[in-house]
Amino acid sequence: MTEEQKRIETKRIFIFLIVTFLITWAVEGFLAPLAMNSGDAEIMSQASSMISSMMFAPAFGAVVARLLTKEGLSHSGFQFNFSKHKFCFLFGWFGVSALILLGAVLYFIVNPSNFDGNVTNYVQLSIAAGSEMDAAQIMGAYKANLLTLVFTAPVMDIINAFGVEWGFRAYLLPKLYKKFGTLPSFFMTSLAYGIWYAPLISLGYFYGKDYAGFPGTGIAAMCVFCLAFGCILSYLSLKTGSIFPAVFAHGTMNVLMSDPVNFTFDGGSVFVGPAPTGFLSMIPMIVVAVIMTVNMVKNPPVPSKEEPVEEKKAAPVPSAVDEDVIEEIIEAELQDEVKAKEE
């Protein structure tokens, strides 16, 4: 990579980060709070839509960076190379469900008295919401649906997951990897991913507002979670060169991360568990993240490079001397043919 190419790549990284963070923080840090505190029910309902739309801010940032630097859509991670990377694709589909389950099991091993196999709180909320089923039916339906989600969760929130992953893992990560290598690129991408959530944490998402050090403690906790989960997503994306395993994994996390809480009597602890954002329930994810990162360091992939297209050199124009020589050769050949015919 030439110095000019390095300069352009750095420019692309900064454009992506500025656009992504500026849009997200303007909406979630300013416009959404105004809407939520307006007192108008219709305007308040629009705040949720505004926040949801910000899941596409990273993808938009990538598009803007590509357009402004004339990068095009090359190396976008759209290849579905399942046959070559079966483990990564299958882990993206089922692995996160297993990690959420293992984290919840670990939490309930440490806190067995808080395990509620009858999902009482969920049942009571459903009845209060007007469900016509009785408690046993609600519990059975919930558990059956939860089992179904193990297979369908990767695509249940695929649009939002794609919006985030096409920006952070398909665009930012490969550029940082080329510049800095595995560990720094994993760390920087995942940290940026965590800090990006700061305005959302400040609104009470994921950790609520009733804790010491709000919102700084929650933002720090989210960064730890994103470092662990982000390393897994980075491994899946960089190892395959495809965005799909990371999208499947992210979609699964979005759909299933809150379900372990339904198996507690008291809702658990946002900083402990059983949700995977809790530090105790996060341990299985951290272990897998470390294993994947070490594997990537020892067996680094060769990133695809955008080689500059070489211009075809035009054929040299013969000089006047060359033309005279050519004419003499042609004339001699014609004379030889005439003599051959006469003989």
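R12 and E9 pair up in a salt bridge, with their closest N and O atoms 2.6 Å apart. (For a salt bridge, a side-chain nitrogen of Lys or Arg has to sit within 4 Å of a carboxyl oxygen of Asp or Glu.) Keep in mind that this is a predicted model, where local features need pLDDT of at least 70, side-chain atom pairs count only at pLDDT 80 or more, and totals for chains, interfaces and linings use all residues. Residues are numbered from 1 along each chain as its sequence is written, and side-chain values use heavy atoms, leaving out hydrogens and water.

**View 1. R12 and E9 sit about one helical turn apart.** That's because they are three residues apart in helix 1. (Helices are DSSP runs of H or I with at least four residues, numbered from the N terminus.) Are R12 and E9 buried or exposed? Both are buried, where buried means under 20% relative accessible area, exposed means over 50%, and partly exposed is in between, using a 1.4 Å probe and protein chains only.

**View 2. K6 and E3 form another salt bridge, at 3.7 Å from N to O.** Both residues belong to helix 1, which covers residues 3-36, and they are three residues apart, about one turn of the helix. How accessible is K6? K6 counts as partly exposed because its relative accessibility is 36%. E3 has a relative accessible area of 63%, so E3 is exposed.

**View 3. R169 and E165 meet through their side chains in a salt bridge of 2.7 Å, N to O.** Here we're in helix 7 (residues 158-180), with the two partners four residues apart, about one turn of the helix. R169 has a relative accessible area of 0%, so R169 is buried. E165 counts as buried too, because its relative accessibility is 0%.

**View 4. E9, R12, E71 and K175 are joined into one network.** What links them is a set of salt bridges that share partners.

Notes. Helices (H or I, at least four residues) and strands (E, at least two) are DSSP runs, numbered from the N terminus.
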